[in-house]
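Please look over the sequence and the model first.

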Amino acid sequence: MLLAVVETRKIFGGTTHLERVFFYLLALVVLVVFFAGLGLRVKKYMAGRPLDASRFRRARVPLEKPGVSAPVPLTQTGVDIAANRTVSRRNHAVGGAHLLLFWGFLGLLAATIIVGLDYDVYGNLTRIFGGKELSFFKGWFYLGYNAIFDTAGLAAIVGAVWLAVRRIRDTKSSVALDYTRAQKPRSGYSRAAMTAGDHLFIFGLILILFTGILLQGLRIDAAGFPSFERWTWLGYLVGSGFGALGLHGSAAGTAHFWLWWVHILMALAFVAYLPFSKALHMISAPANLAVRDPGNTRRLPSPPSGHAGYQDFADFTSKELLGFDACTKCGRCHSVCPARTGGAPLSPRDLILDLRQYADRKRGIPMVLDWEERPDQSGPKNLEGRLAGEVIEPATLWSCTTCMACVEICPVGIEHVPTIVSLRRSLVDAGEMDPTLQAALENIATQGNSFGKSSRMRARWTKGLDIPIPDARKEEVEYLWFLGDFASFDERLQEISRTLARVLTANGISFGILYEDERNAGNDVRRAGEEGLFEMLVEKNMEAFSKASFKKIFTTDPHSFNTLRNEYPAYGLDKPVMHYSELLASLISEGRVSLAGLDKKVTYHDPCYLGRYNRIFDAPRSVITSAGCELVEMPRNRTNSFCCGAGGGRIWMDDSVLAERPSANRIREAAELDVGYFVVACPKDYAMFSDAVKSTGNEDRMKVVDIVELFAEASGELALAGAASEEAPES
Amino acid sequence: MAENDVVVIAERVVGGHPDVTFELLGKAKEIASALGGEVHCLVVGSPEGHECLGASDHLHLVEGEHLWPYNPHAWESAVSALLTQIKPRLVLASTGTVGIDLCGALAAQSGSMLASYVVDLSVEGSTLMAVAQLYGGKLMAECDLGDGPAFVTAIPGSFASQATRVDGVANATSHAHEAAEVRMRHVALTEPEKTGVDITSEELLVSVGRGIGSQSNIDLAQELAEVLGAGLSASRPVIDQGWLPKAHQVGKSGKKVKPKIYLALGISGAPEHLEGMRQAELIIACNTDATAPIFEVAHYGTTADLFDLVPEILDLIGG
Amino acid sequence: MKIVVAMRQIADLVEELEVDASGADIDREFVKFVSNEWDEAALEEALCLKEAHGGEVVVVGVDDVDFDQTLFGALAKGADRAVKLDCGFEGWMPTAVRAEILARWLREESFDLVLTGVQAADDLDGQLAGVLGARLGLPHAAVVVGLEPDGSGFKVTQELGGGVTLTSHATGPLVLGIQAARQAPRYVPISRIRQAMSAGGIEVVEVEAPSARAPKVTRLFAPEAKGRAEMLGDKPSEVAARIVELIRAKGVSVS
Ligand SMILES: Cc1cc2nc3c(=O)[nH]c(=O)nc-3n(C[C@H](O)[C@H](O)[C@H](O)COP(=O)(O)OP(=O)(O)OC[C@H]3O[C@@H](n4cnc5c(N)ncnc54)[C@H](O)[C@@H]3O)c2cc1C
Ligand code: SF4
Ligand code: SF4
């Protein structure tokens, strides 16, 4: 019989009617399982607190900065997801492999859907209504389809194999892939199941992809290599391989038959497995990226009504619950976390995984090979215990410096910090905290500063000045200078405050201070979890602001800067807030000051609250380079800067449990560079790193200086000589 | 029973008579002679070791049920009974547990004047003038105690004591005290265990900083502390190095201490350290660097090398 | 068990205290007043006792600057009642007067224990517990560091100095001056204090200010200011001798 050549293939691999029935029944069950799993999850998210609707309000609040505090536009999120931008940050190799797998997989998904549309929908519709089953899966469509989706298949395989090889090879060498917990449960634990789950996921995927390609080869081989199948180039190639091995004709057909079932059963199993495993991130990760809110960490959310902090499952927001499900255990947060690096019992990854398991157990959602085993009912298995305190250990919560490195790098847009603070709030509410933190909070509550000094002594630092510092409450100034506690009270830093005062005065900047009315701005108080005290401080400071007349605010302290800039607007602050580094940089860029070349080799440390939080990277650098210094960057700089360990109230807590203080870790990094100066733009940094330079034995090699000291020296205001800085005579 | 007599309450509760009793006896003699009266010393409970209280003109040994070991309730009634006999112009005790237990209540019962935290006491005409140390030593109050009966509790160490340890007592009287109603009974007296470290409760602290150089040199400081009967504390680097346990750390992230004397050896005086010890009554600093900030808060300082200085001190008292 | 805790305000010692125009009192105008730290220990001990054995904690004190703050703090921490005795007095109140005011109020109340701080930084005419105990005719003890109900009474542990402690059994009611509670005073979050404030609940009792004999302060002054350390030279033997002398002069016994 002569048949016209029709470029198509048989879609269903089975032969008998029974097989067909079996397949459809199985597919039905799989779909039920899949949607039931998804439904369980969606219901879980719905059980959380609803998302803050303001996330979707696109109206721009005056002081918001896109990408910092303003929501990410959905189009940008779309591009981020499509280009796997968050995955390839700081790791282009993995990003590239993932991108191949991502698009390859999407391509194959599209291919499957098209076939389904043709065979099950179009075919059935035409059979029922037209009496004859038709198909568009033929001719040029068929050829193009094969050419394109074969390429997708190859991309997916290459990406998947790459990732699998890395997962096996790098598990020992990469901190990120090592699943050892940072906080060790007393009873012991095992994460073998999680590791097995990871392998099942990636190797299962590879097997499905691989069998798919093999099937093509067998089919083409069995069909005797019709020339149009050259379009199915990968299958043709594989088929030729089979041919070369001597597999032909009906033998190839039989092999095809069995392999088809293997392939189909695996693929169906995968669909059923998806909502209960790591594979879920294919759905939850993009969803979570779409609802991420960069403002959330910079401007912490208020506690749930009725609870001071998170106490039970229902306190989590839908966004948080979705985020827990999105975590892929990639370990990027784990490897950048200064607490984890220093040996503290906190890993942001473990925290998210613990909370995910807790949430799933609470909701009775099963997971396939994605659970940690423990011999007892501790940690995430403790469904009756206190969420903050038992499910998550207090020491874990207190270890966080709120440096935001985890939020910054998380490829799936999880926001760890607001969750940690919300849990801390419960600890504070129960009065459970380090005695030194308690003392600091009590001092702040009574005298408005953490130093336990009288509030009336706040402007004492001005005593050593021969220039008057205007009182912004009494005279009108352009800038209100908000110093913060350290710049006001710490003896070492008072000299730097005086230098800044001299520099600004010499350059004709109109500024004033609040004298004894300034209170701790509350950034770290809030992040320590003491929301009530934070609100009290805001009230006091807002009252002080209302007594003063000024146009803009600038701060010395990046922590104060963050809360004034991002959080105070909600309480009525409507003035622009700057950091002194920006002010100094503007003096230079406006040509108001000429700096002499200093000829120093320096490195610069980005403070978390200035850099990552508020994206101010260039202003301090421009001061440094304009002063003629050679700036050598540390390997971890800008958004990847490594925390000094002081943030989030950590500066008030005992850090002797750490194997290595983050500040010491950072100084060792700088010491590799062979620079004489470690430049900072934050009073807390000055305190932390001066100490770390000593404790790491680098006193003779490196000196910690503030950018204003460099500025002053370069402008002839001050000579930056030995340890005791000599003041130049006033001009 | 003259109305210008001065009474000193001996505050021995365990061991020997404490220094403060002799300080008070010295002051009592001075005041008594200015007023033209005599000095009485009350020894309650156990007469043991009373021979060294010879500086008083009259020694009263009170014994009775519940009076030994120390029992605040029983002592109050015993002393009260004696005072109604003696009718003194002035009663002296220290601002310690016994003095606080007794004087407030006795003064209230008899409607007498009371001044505490006294560091100086004198007679002007017919009135008694006292100087008290208030507000944690930030202010001194000079006050007039009038010309009637008065109680004074003094801060130990305020008056010189050496001269008044006089042996041999001529004029001792024994009294038996029968308590009417005892609502407090003795259970136990516990001497300190030397195991737990509590640098906050030490009167004298020898504190070492990074200047101590190494773990092995800690022994030298330890020896000095033992000889002085002092506690041993340290700055953070010493703790970080593991040379001493965390419980010894003074400062921002350690303990806040308020000893009478803080002897700082090889400590530079970083703000975080000063935060923890600034309130010591007397700070003596040893640091080879004359510009070290510790000298800004210390009362006395020396730029001697600590490794030269410590052996010298050990020679002076250890030998 | 009903425990009354007597609390009071005191100038915050972190303040630079200045002497007022009379020369006999601190300038109270700009100084921050806070709760007496030992009273906080007394409150903590009372709350711990209540938590362990049940009962009621009533906080009481004579009105003073910001005393409401302290009372609300106590309510937020778990006190059942807060009573403010208002007698219109301003300035430096002698212990004798304070004790009399409290005694008059306490005579109308029933209680098992009165706890108060062992001392306050300005109690020139004596520490409250003893004076109050005498006025009420009750047994009392100072420098208390341990307290436990024991049969019909209490086991009271006092610190006698040098680390020696004394434990006695006393039948109540008792008045005790607390040196330290079994645990450091708890932290009470500001939000809870604010809740207590909005709930109100301070009982105000008008009382009369009695008169009492107390020393008349003729002059209040700062001890001689010390500048930089007095340098003892650098000859080890001489310095050592001076240091030993300084230690002895301070009344710390050196073996
Ligand atoms: C957040 C934070 C919290 C901190 N908390 C604390 C804390 O609680 N407690 C604390 O102490 N520190 C604390 N620090 C550390 C503090 O900043 C200082 O680094 C530390 O106090 C310095 O200790 P030091 O004086 O022993 O050492 P150094 O500063 O190194 O001083 C050693 C001194 O010894 C002198 N010296 C050397 N040899 C001799 C000799 N032979 N004889 C005499 N003198 C000699 C030297 O001149 C030098 O002045 C903290 C730091 C930070 C950032
Ligand atoms: S904010 Fe910083 S310290 Fe806290 S969990 Fe994240 S990375 Fe770790
Ligand atoms: S939380 Fe984010 S960064 Fe951390 S392991 Fe999970 S996916 Fe990776």
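## Helix α4 of chain B

Helix α4 of chain B spans residues 218-228. Its buried residues are Ile218(B), Ala221(B), Leu224(B), Ala225(B), Val227(B) and Leu228(B). Buried means under 20% relative accessible area, with a 1.4 Å probe and protein chains only. An α-helix has 3.6 residues a turn, so residues three or four places apart point the same way.

The cover over these residues includes β11 (204-208), β12 (231-234), α5 (236-240), β13 (261-265) and α8 (306-318) of chain B. Helix α6 (236-249) of chain C also belongs to that cover. Just after α4(B), Gly229(B) has a positive phi of about 65 degrees. Helices are DSSP runs of H or I, at least four residues; strands are runs of E, at least two; both are numbered from the N terminus.

## Basis of the model

This is a predicted model: local features need pLDDT of at least 70, side-chain atom pairs need pLDDT 80 or more, and totals for chains, interfaces and linings use all residues. Residues are numbered from 1 along each chain as written, chains are lettered from A and ligands numbered from 1 in written order, and side-chain values use heavy atoms, without hydrogens or water.

## Domains of chain B

Chain B splits into domain 1 (2-176) and domain 2 (199-317). The bounds come from an automatic or database domain assignment. Taken over C-alpha atoms, the two domain centres lie 36 Å apart.

## Chain A overall

Chain A holds 28 helices and 8 strands. Its C-alpha atoms fill a box of roughly 110 × 55 × 50 Å along the principal axes. Of its 731 residues, 59% are buried.

Key:
Buried < 20%, exposed > 50% of the residue type's maximum accessible area, 1.4 Å probe, protein only. Contact = heavy atoms within 4.5 Å.
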